Amino acid sequence: MTSSPQPQIFESLCKEGDWMLNHAADVYTRALFNKFKFDWASIWQFKIEKEERNPDLWCFHLKTRDKVKGYKQQFVVQLNPETYVGTCECKKWEFSGMICMHIMKVFDHLDLEEIPEHFILGRWRKKANVSFRVMDQPHSTGDGDNEHAEVLRLNHLCKEMTQLACRSAPHEDAYLLCVEGVKELSQKVDALITSKSGVTKVVANVNDQPEPSNADMPQIILDPLLSQTKGRKRDARGKEVTNSSTRIKSGLELATNKRKRNCRCCGKLVAHDTRTCPQNPKNLQKNKEGDGASDDDTNEDEDDIS
C-alpha cells in the first residue's frame, strides 16, 4: 500500500517563482490541485478590459480574448479590497466550492502570492478526512447551543474510542486496562456533568442490570402475506402455473370452442342458438333477400357487358 503523497511531490509540479500555484500545492489535495493547475494555466484566455476601484468594492470586467475560438464570454468579478472576499457572475464558487478562472485572473492581475483563506474550503484541504480537528475549532469547545459542534464532538469521540477498543481487544492485559480506564473516566465525566448542572444523576451499571425476559422483549410484527386473488397463479419468475400437463389455450380457442347446447329452433345439440340458427324463418328470409339482390346485380352486370 502506497503512502499518502508528500507536499514535495506537488511542489515539484510547479514552476519556480509561481507563488500562487505553490500555495495551492501546500493546501489542496492532489485531485483539486490538478484541477486548480489546469484552470490556472487557462487564465490567459481572458483579459481585463475595465476596472472600477471604489473604497468598499472593486469591480473587474473580463472578456474572452479575440484569439480564442468559439463563444465569446464576459464576466464581472467583485472583490472586497481588504479581505479579498468576492464573487463572480459564473457562480462556480457558489456551486462547487472551487475558484473559477475569472477570479484566478483577477488574483494574477493583483499579483497575489497566496489564495485568500475565504476561497479554501475545509473539505479540499490535505488530510481533511483523517481527523475531525474538533478541538481546533473555537465554537466547538464552548458550551453553546451549537448542534453542529455537538455532532462533531460525538463523531470524534466515537472514532477515538473505536480505535482504542480495536487496539486493546487482541491483548487481555490491554483489554482489562482499557475497561478499568473507561470506568474511571466515566465516573469523572459524571462528576463533571453533575457539578455543572447541579442535578444528581444516577447512572446504573450495565453489568448490574437484570437480563430482559421474553415478556419484556418487544414483539416484532411483520407485514401479512399478500394473496393474489385475480388471474392465474404465477411462480417466482412471473410465469403462469398450471396443474395439468396440457397446454394453455389461447383466447381465440376459448372463444370458438364454446359449450354445445340445445337449439330451441331446430332442437339439435349444436353450438348456435335461436338467433343464429339457419332454420330460423327470419334468417331464411334474409338469406333469400340476399340471394335475390345478388342475382339482380349479376343480371345488370351481364346487360352492361352485352
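This is a predicted model: local features need pLDDT of at least 70, side-chain atom pairs count only at pLDDT 80 or more; totals for chains, interfaces and linings use all residues.
Mentor: Residues are numbered from 1 along each chain as its sequence is written, and side-chain values use heavy atoms, with hydrogens and water left out.

Trainee: Why are strand 1 and strand 4 called edge strands?

Mentor: The sheet is open, with four strands in the order 1-2-3-4 and antiparallel pairing. Strand 1 (46-53) and strand 4 (86-88) each pair on one side only, and they are the edge strands. Neighbouring strands of this sheet are turned by 15 degrees against each other on average, direction ignored.

Trainee: Why is helix 3 called roughly perpendicular to helix 5?

Mentor: Helix 3 (residues 30-40) packs against helix 5 at an angle of about 70 degrees, with their axes 9 Å apart. Such axes are lines fitted to C-alpha atoms, for helices over the stretch in contact, and the angles run from 0 to 180 degrees between N-to-C directions. Angles under 35 degrees count as roughly parallel, over 145 as roughly antiparallel, 65 to 115 as roughly perpendicular and the rest as oblique, so helix 3 and helix 5 are described as roughly perpendicular.

Trainee: Which residues bring helix 3 and helix 5 into contact?

Mentor: Contact means heavy atoms within 4.5 Å, and Phe36, Asp39 and Trp40 in helix 3 meet Met101, Met104 and Asp108 in helix 5.

Trainee: What makes helix 2 and helix 3 roughly antiparallel?

Mentor: Helix 2 (residues 19-27) and helix 3 pack at an angle of about 165 degrees, with their axes 9 Å apart, and because angles over 145 count as roughly antiparallel, that is the description given to helix 2 and helix 3. On the side of helix 2, Met20, Leu21, Ala24 and Ala25 meet Phe33, Phe36, Lys37 and Trp40 in helix 3.

Trainee: Where does helix 5 lie in relation to the sheet, and what covers its buried residues?

Mentor: Helix 5 (residues 101-109) lies across strand 1, strand 2, strand 3 and strand 4, and runs at about 70 degrees to strand 1. Its buried residues are His102, Ile103, Met104, Lys105, Val106 and Phe107, and their cover includes helix 2 and helix 3 together with strand 1, strand 2, strand 3 and strand 4.

Trainee: Why is Asn280 called buried?

Mentor: Buried means under 20% relative accessible area, exposed over 50%, and partly exposed in between, with a 1.4 Å probe and protein chains only. Asn280 has a relative accessible area of 13%, and therefore counts as buried. Asn280 sits in the loop between strand 6 (269-270) and helix 9 (281-305), and, leaving aside neighbours within four places in sequence, is in contact with Cys265, Thr274 and Arg275.

Trainee: How do you know that Lys91 is partly exposed?

Mentor: Lys91 has 46% relative accessibility, and so is classed as partly exposed. Lys91 lies in the loop between strand 4 and helix 4 (92-96), and has a positive phi of about 60 degrees although it is not a glycine.

Trainee: And what makes Asp111 exposed?

Mentor: With a relative accessible area of 64%, Asp111 passes the limit of over 50% and is therefore exposed. Asp111 belongs to the loop between helix 5 and helix 6 (147-168), and takes a positive phi of about 60 degrees just after helix 5.

Technical notes:
Two strands pair if DSSP finds at least two bridges between them. Helices (H or I, at least four residues) and strands (E, at least two) are DSSP runs, numbered from the N terminus.
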